[in-house]
Structure formats: structure tokens, C-alpha cells
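Hello,

Here is the structure I promised to pass on. My notes on it follow below.

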Amino acid sequence: MDHKTVEEYVLSMPNAVLEYPFGEDVAVYKVDGKMFALIPEKSDPVRISLKCDPLLSKVLREKYETVMEGYHLNKKHWNTIVLSGQLPWEDIQGLIRHSYQLVTGNGGDVPAIE
């Protein structure tokens, strides 16, 4: 999974914007002034940090070695995911939507992840 593909999907969320409040090395994606995704610009493989329901976060971290506590973020509410292929792209898309929904207050439906 490449940075451009992930970024295009993140920015396809309604009213999503890209900012660099922490410097040029970290792309921060916001909606209504609130962060819902972060991607280090030069990570290979790509890493993405997403807001997540705390119970789902725990399950994902136990099940997948590529899902870790959010790097430099609230460990209870954020995950950092290495996009190495362990989680299918469809599941990553579901987690991006989940993060976006949590931030916008539009439900935050828990994605079905096998």
C-alpha cells in the first residue's frame, strides 16, 4: 500500500483537510479542526495512526502485530497501523471511516474485521 493511495482515501472523507501542524514530516488529516488520521511522510511501509474505539483497539492490538498503541498519541483512543498487508485494504478503509465517524460524532460504527 502506498502513501498516495492511502492519502486519497483519507481525503475522500467529507470536508477532510490535510495540514502539517507538527512539521513537514507528518501529514495530519482533520475534519472540523479535529485530527482523525496521521501519516508520517517517509515511512516505508506506510504507517497510519487512527482514532479507535478503546475496546476495538484492544482486540486489534491483541490480534495483529502490525496494530500498535498510537505513536505519540493517547494510547487508549489511537492506534498506529503498519500497512504491511497483514490487514486487508478493505479493513484499513473501514478503520479510516471509523476514525472519521468518531471525530465527527456520526456514530463511529465498529467495522467488521475478520
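The largest pocket holds about 200 Å³ of space. Bear in mind that this is a predicted model. The residues lining the largest pocket are Phe22, Val26, Leu38, Pro40, Arg47, Ser49, Tyr71, His72, Leu73 and Thr80. Two elements, β3 (34-40) and β4 (47-51), each give two or more residues to that lining. By type, the lining has six nonpolar residues, three polar and one charged.

Next, the core. The largest nonpolar core has 28 residues. Those touching the most other members are Val6, Val10, Phe36, Ile48, Ile81 and Ile96. At least two core residues come from each of α1 (3-11), β2, β3, β4, α2 (54-63) and α3 (89-104). α3 supplies the largest share, six residues. In soluble globular proteins, nonpolar side chains tend to be buried together.

Beyond its neighbours within four places in sequence, Ile48 contacts Val6, Val10, Ala37, Leu38, Ile39, Asn79, Thr80, Ile81, Leu83 and Ile96.

Then there is Lys30. Lys30 sits in strand β2 (residues 26-31). Is Lys30 buried or exposed? Its relative accessibility is 15%. Buried means under 20%, so Lys30 counts as buried. The side chain of Lys30 makes a polar contact with the Glu19 side chain, at 3.0 Å. Setting aside neighbours within four places in sequence, Lys30 is in contact with Asn15, Ala16, Val17, Glu19, Pro21, Met35 and Phe36.

Best wishes

How values were computed: Residues are numbered from 1 along each chain as its sequence is written. This is a predicted model: local features need pLDDT of at least 70, side-chain atom pairs count only at pLDDT 80 or more; totals for chains, interfaces and linings use all residues. Side-chain values use heavy atoms; hydrogens and water are left out. On a 1 Å grid over the protein atoms alone, a cavity is a set of points where a 1.4 Å probe fits but cannot get out, and a pocket is an open set with protein on both sides within 12 Å along at least five of seven lines; lining residues have an atom within 4 Å of a point. Grid points are joined across faces, edges and corners, and a volume is the space filled by probe spheres set on the points. Helices (H or I, at least four residues) and strands (E, at least two) are DSSP runs, numbered from the N terminus. Ala, Val, Leu, Ile, Met, Phe, Trp, Tyr, Cys and Pro count as nonpolar, Asp, Glu, Lys and Arg as charged, and the others, Gly among them, as polar. Buried means under 20% relative accessible area, exposed over 50%, partly exposed in between (1.4 Å probe, protein chains only). A polar contact is a pair of N or O atoms within 3.5 Å; within protein, one must be able to donate a hydrogen and the other to accept it, and residues adjacent in sequence count only if both atoms are side-chain atoms. Contact means heavy atoms within 4.5 Å. A nonpolar core is a set of buried Ala, Val, Leu, Ile, Met, Phe, Trp, Tyr and Cys residues joined through side-chain atoms within 4.5 Å.
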